[in-house]
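This report describes the fold of one protein chain, moving from the whole chain to selected local features. The sequence and structure are shown first.

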Amino acid sequence: MTTPVERGLLVLSLFTAICQGNELKDYCSKHKFDNLPPGGLRFTKEVVTTEYANIGAFKALHCCLRGYRSIEWYKDNRAYPWPGGESHFILYPESANQTIYAQKVRSSDAGRYSCQARNDTTILEGDITLAVLGEKSGGYTGRPLPTYRPASQLVPLGGAARLFCEAYLGKVELPDAKNSVTWSKSDSNVTLPSHGRIAQHSVSRENNQIIGSYLEIEDITLEDYGEYKCEVSNGVDEEITLPAHVYRQEPQFALEVQNGSWRRSFLVGVLVLVLLISVGAFYARCWLPLVLLCRDKFAPLEENDGKECDALVCYHEKDSSLVIGIVIPTLESRHRYKCTALELSQLNQNWGVEIGPHAVSSRRIIVVLSPESLGNAWNETNVAVVLNQLSSLATRTIVIITKNLLNTTAIAKRSSRAYNNMREYSIDRLKILHWNDTGNLGSGSHTFWYKLRLAMPPIRPISSESGCQSVAMIVQANGKCGQQKARSRESLEVLV
């Protein structure tokens with residue numbers, strides 16, 4: 001037969017087990033967030049971030065959620081279930097996997113636990129760090145250890161605030177010792193009431209070893225804003241204060257939309273914006289190469305027209321390094337045009353007369369115009385004189401200027417009217433290009449060469465059968481690539 005003491009212990013053990021079972025079952029159904037948005041995967045109450053337990057004591061860890069399809073638990077990134085040497089925690093099935101517990105905690109149970117909840121579109125994760133205290137089940141008697149620190153909040157006028165604090169205190173084996181937790185406003189020592197518009201609600205778990213309190217403020221007024229403090233005491237001489245602020249949130253004007261529709265609209269807007277930026281960047285960078293590729297592939301070739309070369313390149317002695325060293329070698333060796341060079345005299349007023357006889361044998365005329373070629377008299381009048389002469393040539397003319405001059409086209413038009421009293425020549429015959437597009441005087445820019453090639457006759461993309469063809473004709477005995485390169489080297493030798 002059992003003694004009265006043994007029966008009492010048995011009853012107490014049974015009562016404790018019933019209380020623990022009720023706590024595990026009811027924890028996630030009490031003190032849930034109010035006014036959660038409908039639908040979606042969300043936490044229904046605060047996730048306690050730090051937990052404490054004494055060796056040999058009962059312990060439970062919780063993640064309270066709604067709208068989930070599955071919940072998986074991990075300890076130090078290892079998925080449940082765990083071997084006994086790593087953790088003795090098991091799932092509590094009646095909580096729909098929201099709770100794990102251990103009847104008697106051991107030192108090996110300490111570590112970082114995390115719950116990972118999923119539905120079809122979202123993943124939520126909560127982390128809980130468990131610390132195991134003491135070497136036996138004698139109980140913790142030290143300073144309260146915070147398990148959840150209240151978070152400051154932004155709340156609009158007339159809105160509602162919810163502050164929560166919690167701490168582990170253990171048991172103090174003294175007759176008059178009593179664990180307590182109270183909320184008050186920092187500018188007042190008056191404890192806030194337990195009912196009304198501003199109310200605090202104390203909670204406890206695990207046989208009063210962990211205590212906390214919810215402070216709820218409804219219909220906030222201006223006087224409610226400020227700092228609040230949560231004071232946790234073990235009833236002896238140990239206590240902690242956990243502060244939190246309630247700040248005023250200025251009104252924000254936003255359109256209310258159906259669940260998730262604003263996210264969908266936002267994502268569509270971002271996608272359209274990215275697409276427009278990509279198209280704009282592609283156009284800015286690639287439209288010239290694409291236009292040139294299509295022109296060369298499909299435009300009719302200028303051949304069998306009796307012309308001897310693709311371009312007559314005209315230049316002043318001061319620009320010989322640019323023409324002989326860069327322009328002609330690049331056009332011939334890289335872009336497969338056949339060019340002829342013509343050095344102009346010092347008298348720029350007669351350039352049209354000098355170029356005229358040679359123009360009939362060329363498909364294009366390229367004229368390099370620089371301040372040095374005009375005796376450093378780089379002004380609208382002198383440039384207009386030269387452009388007026390070039391516009392009278394029967395062959396399409398490309399003018400390469402090495403120094404910017406404002407509105408060159410308008411200058412040439414005004415010059416044409418002034419010299420002839422009538423629009424006898426069309427400026428449309430002139431294609432004016434700026435050599436110094438990028439500030440690099442060495443070899444011009446990619447944009448310059450694309451524009452120059454677009455102004456030149458079409459040339460078919462290179463193929464295995466016609467790798468050394470010019471634009472106008474298949475070069476016979478003297479049309480091989482090697483001879484073109486030799487001619488470029490001779491030009492460089494003349495320059496040296």
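## Overall composition

Two residues are in contact when heavy atoms lie within 4.5 Å of each other. In this predicted model, 68% of the contacts between residues at least 6 apart in sequence join residues at least 24 apart.

The protein contains eight helices and 23 strands. Of its 496 residues, 41% count as buried. The accessible surface of the protein amounts to about 27900 Å², and carbon and sulfur atoms account for 55% of that area.

## A four-stranded antiparallel sheet

An open sheet is built from four strands, arranged in the order β11-β13-β16-β15 with antiparallel pairing. From one strand to the next, the twist averages 25 degrees.

## Helix α5

Helix α5 comprises 12 residues (380-391). At 1.5 Å a residue, the helix should span 16 Å, and the separation of 16 Å between its end C-alpha atoms agrees with this expectation. At the start of α5, a side-chain oxygen of Asn 379 comes to within 3.2 Å of the backbone nitrogen of Thr 381.

The helix is mostly covered, with nine of its 12 residues buried. The buried residues run from Val 383, Ala 384, Val 385, Val 386 and Leu 387 to Asn 388, Gln 389, Leu 390 and Ser 391.

## Backbone features in loops

The peptide bond from Tyr 80 to Pro 81 is cis, with omega near 5 degrees. Pro 81 belongs to the loop between β6 (78-79) and β7 (90-91).

Ala 96, a residue other than glycine, has a positive phi near 55 degrees and is located in the loop between β7 and β8 (99-102). Glu 206 likewise is not a glycine and has a positive phi of about 55 degrees; its place is the loop between β15 and β16 (210-217). Ala 96 has 39% relative accessibility and therefore counts as partly exposed, whereas Glu 206, at 7%, counts as buried because the cut-off for burial is under 20%.

Note on methods. Residues are numbered from 1 along each chain as its sequence is written. This is a predicted model: local features need pLDDT of at least 70, side-chain atom pairs count only at pLDDT 80 or more; totals for chains, interfaces and linings use all residues. Side-chain values use heavy atoms; hydrogens and water are left out. Helices (H or I, at least four residues) and strands (E, at least two) are DSSP runs, numbered from the N terminus. The expected span of a helix is 1.5 Å times one less than its number of residues. Buried means under 20% relative accessible area, exposed over 50%, partly exposed in between (1.4 Å probe, protein chains only). A polar contact is a pair of N or O atoms within 3.5 Å; within protein, one must be able to donate a hydrogen and the other to accept it, and residues adjacent in sequence count only if both atoms are side-chain atoms. Two strands pair if DSSP finds at least two bridges between them. Axes are lines fitted to C-alpha atoms, for helices over the stretch in contact, and angles run from 0 to 180 degrees between N-to-C directions. Accessible areas come from the Shrake-Rupley method with a 1.4 Å probe; for residues, only the protein chains shown count as cover.
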